[in-house]
Amino acid sequence: SEQIQKELKITEEQLAKIKELQTAQREEMRKLFTGMGNMRDMSAEERTKAREEMTKKREAMTKKAEKKLAECIKKEQTKRLNEITLQQQGVEGLTSEYVVKGLKLKKEQVTKIKAALKARDDENQKLMESMRGSGRRPRGEAGEGSGERQRPDFTKIREQMAAIRKKGEEKAMSVLTEEQKKGLEKLKGKKFELDRNALFRRGSRAGSTRGGGTTGEARERGQNREGGERRRRQPQGDGGN
């Protein structure tokens with residue numbers, strides 16, 4: 001993102017190294033997604049298992065890439081990148097190393113936060129599964145179009161997903177003490193308005209997005225949305241110290 005490059009004052013030399021890193025990560029991701037299979041042909045249990053396995057592998061690869069990224073940029077640039085990432089993630093960043101260390105979260109707190117986020121994702125997954133299962137009219141039903149798939153009520157589904165997301169976020173945030181909530185705002189740093197439209201336009205034009213997005217990743221992101229999952233870059237570092 002040129003906007004983030006400008007904010008971090010990324011040099012041409014740094015950018016060249018970052019692009020090399022991105023290319024290498026993109027190739028690793030491509031290989032990972034190639035062996036993923038088609039989730040639409042899997043049972044609900046198989047999809048859950050495949051998604052969990054994919055998440056573990058992707059997180060390990062991302063952590064490795066981000067460690068190399070930290071070697072390409074300065075400490076203050078890494079700190080600002082962590083702040084921006086946390087702003088974009090919201091509660092998703094609560095279990096990152098950057099936040100855990102910065103807020104001195106206890107192990108029990110991290111466990112509760114992860115459980116709240118997983119419960120949210122599981123509930124979204126059930127919602128999507130029920131939508132797929134209820135979208136077909138019974139063949140014995142009278143009237144034109146019997147046995148054909150009905151168009152889902154996407155407005156209602158979005159409202160339900162928004163309610164699930166809100167409940168999950170509130171549950172995760174309730175784990176923090178008032179002092180930690182204040183500390184979280186400090187970790188976010190100066191407010192940064194990311195132009196997502198420009199980011200997506202760049203991704204469509206170049207066939208990639210931030211973090212080494214590929215066609216395979218786009219497919220996987222779509223599959224994650226079916227389960228209500230939102231996986232992004234995890235802020236790394238020492239909590240801004």
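A crossing of two helices is called left-handed if the near helix is turned anticlockwise from the far one by less than a right angle, and right-handed if clockwise. The model is a predicted one, in which local features need pLDDT of at least 70 and side-chain atom pairs count only at pLDDT 80 or more, while totals for chains, interfaces and linings use all residues. Residues are numbered from 1 along each chain as its sequence is written, and side-chain values use heavy atoms, with hydrogens and water left out.

**Helix pair**
- Helix 2 (residues 12-34) and helix 3 (residues 44-72) have axes that come within 10 Å and cross at roughly 165°, which makes helix 2 roughly antiparallel (an angle over 145 degrees) to helix 3.
- Helix 2 passes helix 3 in a right-handed crossing, and the contact (heavy atoms within 4.5 Å) includes I18, L21 and F33 of helix 2 and M54, M61 and L69 of helix 3.

**Nonpolar cores**
- A nonpolar core is a set of buried Ala, Val, Leu, Ile, Met, Phe, Trp, Tyr and Cys residues joined through side-chain atoms within 4.5 Å, where buried means under 20% relative accessible area with a 1.4 Å probe, protein chains only.
- In the largest core, of 16 residues, L94, V99, L105, I113 and L184 touch the most other members, and helix 6 (107-134) gives the most to this core, with 4 residues.
- A second, separate core of 14 residues includes I4, F192, L194 and L199.

**L184**
- L184 lies in helix 8 (residues 178-188) and counts as buried at 5% relative accessibility.
- Leaving aside neighbours within four places in sequence, L184 is in contact with L86, L94, V99, L103, M173 and L176.

How values were computed: Axes fitted to C-alpha atoms, helices over the stretch in contact; angles between N-to-C directions. Helix = DSSP H or I, 4+ residues; strand = E, 2+ residues; numbered from the N terminus. Parallel < 35°, antiparallel > 145°, perpendicular 65-115°, else oblique. Buried < 20%, exposed > 50% of the residue type's maximum accessible area, 1.4 Å probe, protein only.
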